[in-house]
Amino acid sequence: MIKTLNIIKATSIFSLLLLSTLLFSNDILNEVDEIRSPGSDFSFNINLLASDGNMLEMAVLVKDKSKSLVRYTKPERSSGRTILFVGRNMWIYIPGSRRAIRISPQQQIMGGISSADIARTVYSLDYSVEGIENILSEKKLNMKKLTLVRKTKGAAYEKIHLFLGDENRPIKALFFSSNGQRILKTAYFEGYENIIGKLRPTILKIIDHMNDDEVIKITYSDFKMVTTPEKYFQSSYLKRLK
Amino acid sequence: MKNIYYLCVFFLVIKNDCLYAVESEWSHSFNAISDFRIVNDLYETNPLVTEDAISNKNSNTESSTSRLNLESWNDKTNVSTQIRFKYENNQVDNVNSETEIDEFFGEYEFTDELFIFAGRRNIVLGQSYGINPIDVFSDYSLLDRSLNSSRKRIEYPGQDMLGFENLYDEGSTISGYIAPKISFSNNERDQALLSKSMFLSEFNSDFSILGFIDERSGLGFSFTKPQEKASLFYADVSLREGRDRALIRADTSSSVEGDFLTIEGDQKKLYLESNVGFSYAFHTGGTFNIEYYFNQNGYTNPEWLQIKGLILTNSNNVANGVDIDQSESNLNSLNSYLTYEVLRREYVFMRYFSSFIFDEDSNFETTVFHSLEDGSGSLSVRLEKSLISDLLIGLYLNSNYGNSYDEFKLRANQFQGVAYATYHF
């Protein structure tokens with residue numbers, strides 16, 4: 001009887017520990033998201049620069065964290081092209097095409113940059129924390145390594161290893177393929193600046209291992225807290241955006 | 001008169017707000033595409049196509065096309081215009097130029113959700129890349145297939161219409177328009193359409209249903225659903241009243257073997273046209289589409305065997321010097337009847353598009369439209385490269401394949417090669 005009680009106690013303590021670790025780690029993921037996105041409704045600009053000098057500029061509007069509207073602003077021939085992201089659903093509107101058509105989150109924008117890489121500004125909507133480790137970086141700095149696994153079918157990656165520095169600031173991320181074994185991309189979060197009350201990364205350097213380790217630099221700027229009308233996030237409205 | 005009445009009502013309704021619109025600040029946007037193209041078409045005679053049928057076809061054409069898009073708007077009103085200018089120098093007509101107003105319409109935001117519009121407009125529905133069954137009013141003979149997919153369905157004349165679109169918060173839209181045949185319009189017949197498009201968030205799907213009035217009225221459905229992160233399933237389906245083509249039967253009462261009769265198809269039955277597709281986006285940047293297309297209007301095997309038999313008989317007559325004039329005339333008549341986009345029932349369309357097959361500034365597209373009935377088809381390849389930021393050069397090649405009496409080998413134009421340079425202003 002006492003033995004049984006001890007087993008129950010031990011199991012309960014273990015379960016509580018596991019639960020608290022998971023809750024704690026999900027809190028950490030929320031902190032990471034808060035660093036990457038300053039609120040639920042905001043806007044920012046993006047500049048994508050490939051190693052061969054190719055460049056794209058975009059303006060992004062985010063609503064309720066899960067809805068994004070990405071508008072190409074440069075070069076001129078792509079200007080007005082718009083990607084709408086609502087939950088796991090994506091549409092693209094090409095100026096003049098008279099209709100928005102569905103695309104998948106893996107659709108590429110430039111080099112190895114997928115539409116989801118641009119439009120999705122938070123991890124917690126698509127991924128949950130599977131594990132957390134304290135590790136030492138190559139420069140002997142204390143880091144946390146979060147293993148994120150997809151929780152929705154529409155998530156762009158099967159698994160992500162996210163490396164966090166002081167105050168849970170994202171430093172580096174490894175993005176894995178569908179079988180969870182092959183590293184597709186490595187991302188470095190750089191250029192931390194004080195933006196809307198917090199230190200936030202302004203540069204994301206992505207190394208695309210599927211394209212000869214091509215490097216693409218994404219620069220974020222002009223963050224603003226704005227509330228965008230709900231109708232902007234409807235596929236039928238895209239043709240009316242100016 | 002009735003149509004003019006509708007237009008008057010529309011303008012009276014918005015009159016007060018138009019006065020406001022005139023006073024409020026207008027913004028404008030202007031963009032243009034200009035391209036220079038060298039086109040080589042190879043027309044061949046075959047058992048169906050006689051020398052006479054291809055005598056007035058252009059083989060080599062140099063053309064210059066400009067497309068202008070002008071948009072003006074203020075808080076409530078939007079005016080859109082698209083005009084195309086085409087200048088062509090070919091072997092037959094020498095110099096030929098034309099101007100087409102594709103769009104010229106005004107749209108007024110009646111409320112935050114309700115938009116009403118009037119004028120010439122080009123409306124496109126559906127997701128399909130090959131043949132789109134719910135693009136119900138489009139005339140495929142007006143499409144320039146040598147244009148890339150972002151331009152092909154845009155550079156197309158719109159209809160003169162009066163319509164509305166109402167958006168709902170949950171993501172659905174109800175829209176409709178009437179496009180009557182009136183003297184000053186470019187509408188060839190009375191047409192109207194009413195559709196409801198829904199975003200089914202719980203299924204992550206888009207679903208549209210439409211009803212339309214035309215010579216062959218009917219219903220249409222469109223469905224799109226992403227599967228996992230990289231693939232999409234989609235279907236566009238229409239059900240239309242009446243068969244779109246005449247049946248062709250041998251005239252057994254005629255003394256000339258090879259003479260034929262045309263019989264109108266069943267005009268009461270509903271005919272199904274459907275396109276079911278799947279697309280996959282690769283990590284490497286490519287996208288693959290595969291679509292299965294079924295058209296119940298297409299000729300069945302017994303119907304096609306009759307037609308094939310008539311082609312064979314008449315071409316043998318010509319070759320053997322029997323009733324030459326009548327047999328050539330029969331072949332030309334048959335050729336003029338067989339101008340539909342597809343003649344048979346079942347096809348597969350495949351497309352692979354990669355935006356950076358050689359480098360970031362280039363893209364590659366290949367498509368195959370393949371008949372499951374006789375194994376013939378059409379294969380195309382396109383390469384495009386940006387030389388500088390707004391200058392694009394491209395090469396498009398299209399060729400038909402199959403055996404001599406197969407559908408795609410019975411067409412006059414067996415090959416098309418187009419080299420082009422496009423500048424975006």
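1. The second largest pocket holds about 460 Å³ of space. A pocket here is an open set of points on a 1 Å grid over the protein atoms alone, with protein on both sides within 12 Å along at least five of seven lines. Volume is the space filled by probe spheres set on the points, which are joined across faces, edges and corners.

2. A word on the basis. This is a predicted model: local features need pLDDT of at least 70, side-chain atom pairs count only at pLDDT 80 or more, and totals for chains, interfaces and linings use all residues. Residues are numbered from 1 along each chain as its sequence is written, and side-chain values use heavy atoms, without hydrogens and water.

3. Fifteen residues line that pocket: 15 in the lining, with S137(A), E138(A), L141(A), M143(A) and I171(A) nearest its centre. Lining residues have an atom within 4 Å of a point. Strands are DSSP runs of E, at least two residues; helices are runs of H or I, at least four; both are numbered from the N terminus. The lining has seven nonpolar, three polar and five charged residues. Nonpolar covers Ala, Val, Leu, Ile, Met, Phe, Trp, Tyr, Cys and Pro; charged covers Asp, Glu, Lys and Arg; the others, Gly among them, are polar.

4. The whole structure has four cavities of 30 Å³ or more. In a cavity, a 1.4 Å probe fits but cannot get out. Of its 22 lining residues, A116(A), D117(A), R120(A), Y123(A) and Y157(A) are closest to the centre. By class, 15 are nonpolar, two polar and five charged.

5. The second largest cavity contains about 150 Å³. Its lining numbers 15 residues, with R36(A), F189(A), P201(A), Y220(A) and F223(A) nearest the centre. Elements of chain A giving two or more include α1 (2–36), β1 (42–50) and β17 (214–224).

6. The largest nonpolar core has 47 residues; I46(A), L48(A), Y123(A), L148(A), L162(A) and I218(A) touch the most other members. β1(A) gives the most, five residues. Such a core joins buried Ala, Val, Leu, Ile, Met, Phe, Trp, Tyr and Cys residues through side-chain atoms within 4.5 Å. Buried means under 20% relative accessible area (1.4 Å probe, protein chains only).

7. A second, separate core has 14 residues, among them L48(B), Y299(B), I307(B) and I311(B).

Methods. Chains lettered and ligands numbered in written order. Buried < 20%, exposed > 50% of the residue type's maximum accessible area, 1.4 Å probe, protein only.
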